[in-house]
Amino acid sequence: MKVEDVKAYIETGILELYVLGDLSPAEKLQVEEMAEKYPSIKTELAEIERALEAYALENEVEPPTELRNRVLNSLVTTFADDGKFPGREFLENDDDDEADEETPLRDNIVSISTARENNFYKYAFAASMAALIASIAALFSLNSRLNESQQQIASLQTRNQVFANRVNLLDNEVTVFHDPAIKLIKLQGTPKSPASKMMVAWNPVKKKVMIDMRAMNLAKNDQAHQYQLWAIVDGKPVDLGVFDAKADTTDGMHEMKPVANAAAFAVTLEPRGGSVAPTMSEMVVIASI
């Protein structure tokens, strides 16, 4: 076989099909015999195998199992339907006469070229699908890492906000208990609720009124009612706002409406949102100043 015929045989793509395992047993045997006869063909086979292995290792990406199985099953079905291709007739051994080999070789080169054209779109599709799987897998991994990062950021922001609120709460408490202008008034239970008690912190100079939620001992109110704080000013009740009594609360000082002059403080249980005037029969705690 002439050098140019060997080169033409290599360029048909039969060697790539051999490496990919897409030849019949007879075709594989024919390629192996050619490789034994011609070192350049054997060398080209080795180069193709190394190149495909390097490409596979370099571009290896593990796709999601469900996506990978779905795509590969589709490819298997496609290849099974297209398992045989017309025109693949290769050189058969006739005799050892070199002149008799050259004519079948040229005919087979034409046949292999035709088969190569038939295979082009199939392998282009396979390569495209492989690239698509790799891209989807990379996007899936990137999206997962992005979601994890966003969740971590949200968690940190929440913890920072809780910490900031706690610091502000403690700062307010320190201010309350160390301000000489503030009066701490302990409200005691009435006959209706003798075990009830709570504490009011009142600064008459700044007209500031706060209640200590953690030191409070009031029965938990239902959704239809709220507790309402009153100040007795000039013998008349003045609304200072409503609040809820919660079990095991971690809240500290809760600021109410301001008042300048008060002779007493009291708390009644009112319909949710509060009342214009106190329901005297629902008074739970009271204290005079």
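**The nonpolar cores and their aromatic pairs**

In this predicted model, the largest nonpolar core comprises 25 residues, and those with the most contacts inside it are Met198, Leu229, Phe243 and Phe265. Two or more residues come from each of the strands β1 (183–189), β2 (197–203), β3 (208–212), β4 (225–233), β5 (236–243), β7 (264–271) and β8 (283–288). The greatest contribution is that of β4, which gives four residues. Another core lies apart from this one; it has 15 residues, among them Ile10, Leu15, Met34 and Ala35. In soluble globular proteins, nonpolar side chains tend to be buried together.

β4 and β5 pair in the antiparallel sense over six bridges. They form a hairpin with two residues between them, and Asp234 in the turn has a positive phi of about 55°. Within this pairing, Tyr227 stands opposite Phe243 in β5.

The structure holds two aromatic pairs. In one of them, the ring centres of Trp202 and Phe265 are 5.7 Å apart and the planes meet at 70°, so the pair is edge-to-face. This pair links distant parts of the chain, since Trp202 belongs to strand β2 and Phe265 to strand β7, 63 residues apart. Both Trp202 and Phe265 are buried.

Tyr227 and Phe243 form a stacked aromatic pair, with 5.9 Å from centre to centre and 25° between the planes. Here Tyr227 in strand β4 and Phe243 in strand β5 are 16 residues apart. Tyr227 counts as buried because its relative accessibility is 4%, and Phe243 counts as buried at 3%.

Conventions. Residues are numbered from 1 along each chain as its sequence is written. This is a predicted model: local features need pLDDT of at least 70, side-chain atom pairs count only at pLDDT 80 or more; totals for chains, interfaces and linings use all residues. Side-chain values use heavy atoms; hydrogens and water are left out. A nonpolar core is a set of buried Ala, Val, Leu, Ile, Met, Phe, Trp, Tyr and Cys residues joined through side-chain atoms within 4.5 Å. Buried means under 20% relative accessible area, exposed over 50%, partly exposed in between (1.4 Å probe, protein chains only). Two strands pair if DSSP finds at least two bridges between them. Rings of Phe, Tyr and Trp (its six-membered ring) pair if their centres lie within 6.5 Å; planes under 30 degrees apart count as stacked, over 60 as edge-to-face and the rest as tilted.
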